[in-house]
Amino acid sequence: MVQVLWTSLVLLITFRESVSQEVKCYSRFDNGECGDLLGEVTIEDCCLNPHYGYIGADGKCKFCGPASWSEWTTWGRCSVPCKEGVSQRRRECQGQGKCTPKSSLQELQKLTLETKVCIEPDCCPEHGQWSKWGEWQPCSATCEKGMRKRVRTCTEPPPRCGSSCEGPSEEEEHCVVDRVCPTHGGWSNWETWQPCSGTCAREDLPRPTQRRCRSCSNPPPSSEPPGDECPGLGSETRICDELPSCAVNGNWGPWAPPSSCSVTCGVGVKEMLRQCDNPAPKHGGLPCSGSNKDTQICNSKNHCPVDGQWSQWGTWEECKSNRGKINCRKIGGQQRRQRWCEHTGFGGLTCEGKITDYRPCFDIKYCYFDGKWSEWSEWSHCEPPCGEGAKRTRERKCIPNLSEYPEAIGYPIKAKAYFEGTPDANCTLLKDTQETRACIKVPLCDT
């Protein structure tokens, strides 16, 4: 039955994007990212394995498994650089189906977006102002043209809280010295090496040579005032030591038969190999171009096992005892809650752990107790988490005095006892038991 339901879910989701539509199928899905491309197949064939992912028509990586919430992102930067603002974090629903069916836009925003107040240091950055420019420094050259500079400081007033002054702290300009500089000779770049006198090295003849030249023209030396000639020689010759024997380029041999499919369920690949031996490259010949390996996508047509996932625990049932009525009495009872192993199919593993959970309890529903007021609670998250009108609240509660009840009960092993039901606690009257404040600078909601 579970196998039929899972297959129907995959068929329903993939039908919306056209069952015959081919997509890029990946063997690894990790928090919204696809990895290890297998090839192009239909969505239905790709999702035979619930651990795979594929790139949909919208260009996003989608998960083949059942729908579940991603991890929350880290809290974002505060919306202001100083004083009070807000910070947000998000999560998204990944997989086939919906994480929370029939949710309104407002409910969906609460499930995918959280906003909290953040308070940055009260010191806000302020720009400083520059001092007046200092005197020009001496010219960098002793003849003809050079450069000189002057500086100023960011001190009138200095910046605050990590800010700075706008603009440069140094300024440069050209300067001229009334004296002609001599021009010393400089070599031009070497010309490229001329071709060797032979294309192959022969043992019965001297090795070929090659030559290259340069000229003293970059720049030529001046005559008045006289400049220095270029040092060194204007040409050089070298032996062509690395000439190869006549080259033989490599060529590929035939492809070997393909290997068996890499998987026994879902979509995998077959691998084919070939050798660069028809002929092999010799004496510096070019190797074979391309790869010695090729892959083909293969489809086992077998659905991969779908391991079970626990549902959320149900609510705790009524606190009961086989010794009769225990309401408002210091007689311990027991509560039970249950969960279910869902989605198991195609020989997948069932869930590990127990279906039913028990805990000791006392029934204090509608029982009268003296009480005292709690301290103020932490401020809640901003509601709604985006847009105008976001508020946060905190409250004080009337806590009943349950000190006469034992903290642990049970035989032969005692365990912590829980209290079931809402008692009637009597506290002195307070003017305010709840406070509400507006959240400041909350970003607009996504459209």
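Strands, in this report, are DSSP runs of at least two residues marked E, numbered from the N terminus. Please keep in mind that the model you are looking at is predicted.

**A serine in a loop**

Let's start with one residue. Ser321 is found in the loop that runs between strand E15 (309-310) and strand E16 (333-338). Which residues does Ser321 touch, leaving aside those up to four places away in sequence? They are Ile326, Gly332 and Gly333. The side chain of Ser321 also has a polar atom 3.2 Å from the backbone nitrogen of Arg323.

**The overall picture**

Now step back to the whole protein. Its secondary structure comes to three helices and 26 strands. Is the protein a compact globule or more spread out? Its radius of gyration is 41 Å, while the globule rule gives 22 Å for 447 residues, so the protein is more spread out than a compact globule. Along the principal axes, the C-alpha trace spans about 120 × 80 × 50 Å.

Of the 447 residues in the protein, 28% are buried. Among contacts with a separation of 6 or more, 68% are between residues 24 or more positions apart.

**Disulfides**

How many disulfides does a search of the whole structure find? The search finds 19. Here are three of them, with the distance between their sulfur atoms.

| Disulfide | S to S distance |
|---|---|
| Cys25 and Cys46 | 2.1 Å |
| Cys34 and Cys61 | 1.8 Å |
| Cys319 and Cys361 | 2.0 Å |

Take the pair of Cys25 and Cys46. The torsion about its S-S bond is about 80 degrees, so this disulfide is right-handed. The pair links distant parts of the chain, 21 residues apart: Cys25 belongs to strand E1 (residues 22-30), and Cys46 to helix H2 (residues 43-46). Both Cys25 and Cys46 are buried.

Next comes the link of Cys34 and Cys61, which is right-handed with 80 degrees about the S-S bond. Cys34 lies in strand E2 (residues 33-42) and Cys61 in strand E4 (residues 61-63), so this pair ties together parts that are 27 residues apart in sequence. Is Cys61 buried or exposed? Cys61 counts as buried, because its relative accessibility is 16% and the cut-off for buried is under 20%.

The link of Cys319 and Cys361 is right-handed too, with 100 degrees about the S-S bond. It takes us back to the loop between E15 and E16, where Cys319 sits, while Cys361 is in strand E18 (residues 356-363), 42 residues apart. Cys319 and Cys361 are both buried.

Other cysteines are worth a look as well. Cys200 counts as partly exposed, because its relative accessibility is 27%. Cys213 is in no disulfide: the nearest cysteine sulfur belongs to Cys216 and is 14 Å away. With a relative accessibility of 16%, Cys213 counts as buried.

**Aromatic rings and their neighbours**

Finally, look at the rings. The count of aromatic pairs comes to five. Which residues do ring pairs link into a cluster? The cluster holds Phe362, Phe369, Tyr405 and Phe419.

Charged side chains meet rings here as well. The charged end of Arg339 sits over the ring of Trp310, at 3.9 Å from the ring's centre. Arg396 lies over the face of Trp376, and there the distance to the ring centre is 5.8 Å.

Note on methods:
Residues are numbered from 1 along each chain as its sequence is written. This is a predicted model: local features need pLDDT of at least 70, side-chain atom pairs count only at pLDDT 80 or more; totals for chains, interfaces and linings use all residues. Side-chain values use heavy atoms; hydrogens and water are left out. Helices (H or I, at least four residues) and strands (E, at least two) are DSSP runs, numbered from the N terminus. A polar contact is a pair of N or O atoms within 3.5 Å; within protein, one must be able to donate a hydrogen and the other to accept it, and residues adjacent in sequence count only if both atoms are side-chain atoms. Contact means heavy atoms within 4.5 Å. Rings of Phe, Tyr and Trp (its six-membered ring) pair if their centres lie within 6.5 Å; planes under 30 degrees apart count as stacked, over 60 as edge-to-face and the rest as tilted. A charge sits over a ring if NZ of Lys or CZ of Arg is within 6 Å of the ring centre and within 35 degrees of the ring normal. A disulfide is a pair of cysteine sulfur atoms within 2.5 Å. Buried means under 20% relative accessible area, exposed over 50%, partly exposed in between (1.4 Å probe, protein chains only). The radius of gyration is taken over C-alpha atoms; the globule rule is 2.2 Å times the number of residues to the power 0.38.
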